[in-house]
Amino acid sequence: MEYTLTIIKPHAVRDNKAIAMLSMIAEAGFRIAAMKMIRLSSFRAGEFYAEHAGKPFCEQLVKMMSSGPIIVAILSKDHAVRDLRSLVGNTDPEKADPGTMRKIFGNSIRENAIHASDGVEKALKECSFFFSEMERFSF
Ligand code: ATP
Ligand code: MG
């Protein structure tokens with residue numbers, strides 16, 4: 001069993017897409033091992049996306065990620081990291097394959113609806129960034 005982290009981004013929560021997105025994730029065979037709705041400060045959003053510090057889109061990314069509530073969840077499944085990345089699709093919804101979540105729910109490369117950890121080590125770090133041991137379960 002492997003764990004990965006997902007975030008339903010603020011614009012998708014605002015547009016009431018979260019339930020449809022979580023249904024699609026469940027139908028793809030993921031279990032929810034932790035979940036909550038929170039709002040990131042711009043400081044915490046900057047920490048989360050520290051790898052992108054200094055890139056031209058970074059300021060807008062931090063602004064968007066702290067613009068309203070997000071739903072953050074730990075998902076479990078065999079090959080959860082790889083399988084969620086493929087369910088989510090290309091960073092740019094215009095380039096994403098039909099049937100992928102960003103194709104269906106994304107508005108643009110900036111407002112691409114959902115985050116998925118991009119490696120097993122990264123997933124571990126991202127899960128502990130958001131959740132304490134008390135908040136997560138071994139589904
Ligand atoms: P994420 O980390 O959110 O799952 P990703 O791994 O597909 O997305 P990254 O390269 O890590 O893509 O970029 C992080 C986020 O920054 C993207 O999801 C997107 O919201 C935003 N982003 C990336 N590239 C651009 C860009 N060229 N213009 C605007 N926003 C961008
Ligand atoms: Mg990424």
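Visitor: Which side chain has an N or O atom 2.8 Å from an oxygen atom of ligand 1?

Guide: In this predicted model, that side chain belongs to N112.

Visitor: Which residues come nearest to ligand 1?

Guide: There are 13 residues around ligand 1, and Y49, H52, T91, N112 and H115 come nearest. A polar side-chain atom of H52 lies 2.8 Å from an oxygen atom of the ligand.

Visitor: Which residue has a polar backbone atom 3.4 Å from a ligand oxygen?

Guide: That residue is I109.

Visitor: Let us turn to the sheet. How many strands form it, and in what order?

Guide: Four strands form an open sheet, ordered β2-β3-β1-β4, with antiparallel pairing. β2 (31–38) and β4 are the edge strands, each pairing on one side only. From one strand to the next, the twist averages 20°.

Visitor: How many bridges join β2 and β3?

Guide: These two strands pair over seven bridges in the antiparallel sense. Within this region, M35 stands opposite A73 in β3.

Visitor: Which helix packs on the sheet?

Guide: Helix α5 does, touching β1 (2–8), β3 and β4. The direction of α5 makes about 30° with that of β1.

Visitor: Which residues of α5 are buried?

Guide: The buried residues in α5 are A80, V81, D83, L84, L87 and V88. They pack against β1, α2, β3, α6, β4 and α7 (120–130).

Visitor: Why would residues three or four places apart in a helix point the same way?

Guide: An α-helix has 3.6 residues a turn, so residues at that spacing point the same way.

Visitor: And what follows just after α5?

Guide: G89 follows, with a positive phi of about 90°.

Visitor: How many residues are in the largest nonpolar core?

Guide: That core has 21 residues. Those with the most contacts inside it are I8, M21, I25, F30, L84, L87 and M101. At least two residues each are supplied by α1 (10–14), α2 (18–27), β3 (70–77), α5 (80–88), α6 (101–105) and β4 (114–116). The most comes from α2, which gives five residues.

Visitor: What does I8 touch, leaving out residues up to four places away in sequence?

Guide: I8 touches V13, A18, M21, L22, I70, I71 and A113 on that basis. There is also a second, separate core of 19 residues, which includes A34, F48, C127 and F131.

Visitor: Next, I32. Where is it found?

Guide: I32 is found in strand β2.

Visitor: Why does I32 count as partly exposed?

Guide: I32 counts as partly exposed because its relative accessibility is 36%, and that class runs between the cut-offs of 20% and 50%. Not counting residues up to four places away in sequence, I32 touches I74, L75 and F139. The C-alpha atoms of I32 and R136 are separated by 9.2 Å, although the two residues are 104 residues apart along the chain.

Visitor: What is S66 in contact with, beyond its neighbours within four places in sequence?

Guide: Those contacts are R39, L40, S41, S42 and A45.

Visitor: What separates the C-alpha atoms of S66 and D97?

Guide: They are separated by 28 Å, with the residues 31 apart along the chain.

Note on methods. Residues are numbered from 1 along each chain as its sequence is written. Chains are lettered from A and ligands numbered from 1 in the order in which they are written. This is a predicted model: local features need pLDDT of at least 70, side-chain atom pairs count only at pLDDT 80 or more; totals for chains, interfaces and linings use all residues. Side-chain values use heavy atoms; hydrogens and water are left out. A nonpolar core is a set of buried Ala, Val, Leu, Ile, Met, Phe, Trp, Tyr and Cys residues joined through side-chain atoms within 4.5 Å. Buried means under 20% relative accessible area, exposed over 50%, partly exposed in between (1.4 Å probe, protein chains only). Contact means heavy atoms within 4.5 Å. Two strands pair if DSSP finds at least two bridges between them. Axes are lines fitted to C-alpha atoms, for helices over the stretch in contact, and angles run from 0 to 180 degrees between N-to-C directions. A residue is near a molecule or strand if one of its heavy atoms lies within 4 Å of it. A polar contact is a pair of N or O atoms within 3.5 Å; within protein, one must be able to donate a hydrogen and the other to accept it, and residues adjacent in sequence count only if both atoms are side-chain atoms.
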